[in-house]
Amino acid sequence: MSGQHAEAPGEHGGAGLERGRVDLQRYEHSLMGTYGQPMRVLARGEGSWVWDADGNRYLDLLGGIAVNALGHAHPAWVAAIAHQAATLSHTSNFFATEPQIRLAERLLELAQAPPGSRVFFANSGTEANEAAFKMARKTGKRTVIALDEGFHGRSMGALSMTGKESIRAPFTPLLERVVFVPRDDTDALHAAVTEAGEDLAAVIVEPIQGESGVRPLAHAFLAAARELTLQHEALLIMDEVQTGVARTGAWFAHQLHGIRPDVMTLAKGLGGGFPIGAVVAFGERAGALLAKGDHGTTFGGNPLAAAAALATLDVIEEEGLLAHAKALGEHLRTALGAIDGVVEVRGEGLMLGIGLSAAVSADVARAAVEAGFIVNPPSPDTIRLVPALTLTRPEADLFVAWMADHGSRIVREAS
Ligand SMILES: Cc1ncc(COP(=O)(O)O)c(C=O)c1O
């Protein structure tokens, strides 16, 4: 397993940030302000550690937002990309390549997909969800049910299914006939399905809502969504962009529930840091929805991205990272849950939301970065951990110790 350094990260107060400060000014003058002020300028990474432009070291517990499944610069991943780049990096989809075919076969196998199942490759989670939305429309029906607080991306189709008013509002009108229901509200789901009637094309859910604060859906709600979509011959779309590819200790989070969707979207961890997205359509009907001319993308599934993804899946298997994610997640859940000011730890495997007793997650995250730990606050009272699946227990315990001391103090002072 990579990332074996376990000495304490440094305290990074005001000193030692000169180069980064200059670079951030250059950033501000050359990039759009879509992300606000970045926290640091990062220069390199190894395992679960990254270094900023001034040489300060941080333990990366955000993993590029659940992307760097193998940590930074895993040798097998680097070698696979280098080899593929030197062999054949891009062809267009007028041609097929061995890595692309192998990756599709591998995903179907890991998802235990039945005969007739098919994969479409995209370049991001947003694009995977756009394709899924088009599949819903190709059923010939139009109504899509999505969840309040759900996040599926920011292109117009994906945004139309995203239940966050603040990011939708500037771009209305969005696509018609997307109906939102509250998470885990089975009655509201029933009512929306009844209202849609024969027009119900799809229900889209994240098995664990990531961007709204790591909120797992109740099994009963997922089971109801499965049953209702089957009854109405509608698609159950599971957005596993964040939960997929071993993040939760299973290859895909729906496997933890024993509930198979008709369509699953993937991205983030799939490429281990190389951009790639995928749509897995289960069974003959879903597998055939998008036909020749219905969809496409220049880069989708190019051999370089496919080689990076295959290397990621290989390492996850070879290093036993499914079991490791599960065990380390359980350890973190217990250790963090015992800290004063932590009211609950939500999630599965290495997708964890630390629920705080006060709405100070932004302060805690800022202090953590100053102390050399990269975490993020997806909601006012939640700290999210989505680290590399290769994170070691001693590394994880460095953050537990900081949280028990400094993090806890910030929460308690605000409570
Ligand atoms: C569940 C989910 N779906 C879709 C997306 C969008 O993916 P991307 O940023 O790769 O376009 C995200 C990103 O955070 C996500 O968490």
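Modeller: Helices (H or I, at least four residues) and strands (E, at least two) are DSSP runs, numbered from the N terminus. The model discussed here is predicted.

Biologist: Where is A246 found?

Modeller: A246 is not a glycine, yet its phi is positive, about 80 degrees. A246 is also buried, because its relative accessible area is 0% and buried means under 20%. Its place is the loop between β10 and α10 (253-257).

Biologist: What is phi of S92, a residue other than glycine?

Modeller: S92 sits in the loop between α3 (75-87) and α4 (98-110). Its phi is positive, near 80 degrees.

Biologist: The peptide bond from T172 to P173 is cis or trans?

Modeller: P173 belongs to the loop between α7 (165-168) and β6 (178-181). Omega of the bond that joins T172 to P173 is near 0 degrees, and the bond is cis.

Biologist: How far away from D239 is the nearest side chain of opposite charge?

Modeller: D239 lies in strand β10 (residues 235-239). Its side chain makes a polar contact with the side chain of N129 at 2.9 Å, and the backbone nitrogen of V241 lies 2.9 Å from a polar atom of the D239 side chain. A salt bridge needs a nitrogen and an oxygen within 4 Å. D239 is buried without one, and the nearest side chain of opposite charge, K268, is away by 9.0 Å.

Biologist: How far apart in space are V280 and G213?

Modeller: V280, in strand β12 (residues 277-281), is buried, with a relative accessible area of 0%. Leaving aside neighbours within four places in sequence, its contacts include L108, R118 and M264. G213 is 67 residues from V280 in sequence, and the C-alpha to C-alpha distance is 26 Å.

Biologist: With which residue does E18 form a salt bridge?

Modeller: The two partners both lie in helix α1 (residues 18-30), three residues apart, about one turn. The closest N and O atoms are 3.3 Å apart, and the partner of E18 is R21.

Biologist: How many residues apart in sequence are the parts that D340 and R412 tie together?

Modeller: D340 and R412 form a salt bridge with closest N and O atoms 3.9 Å apart. D340 is in the loop between α13 and β13, while R412 is in helix α15, so the parts tied together are apart in sequence by 72 residues.

Biologist: How far apart are the closest N and O atoms of R409 and D405?

Modeller: An α-helix has 3.6 residues a turn, so residues three or four places apart point the same way. R409 and D405 both lie in helix α15, four residues apart. They form a salt bridge, and the separation of its closest N and O atoms is 2.8 Å.

How values were computed:
Residues numbered from 1 in each chain as written. Predicted model: local features only at pLDDT ≥ 70, side-chain atom pairs only at ≥ 80, totals over all residues. Heavy atoms only, no water. Buried < 20%, exposed > 50% of the residue type's maximum accessible area, 1.4 Å probe, protein only. Lys, Arg positive; Asp, Glu negative; His and termini not counted. Polar contact = N/O pair within 3.5 Å; in protein donor to acceptor, adjacent residues only side chain to side chain. Contact = heavy atoms within 4.5 Å.
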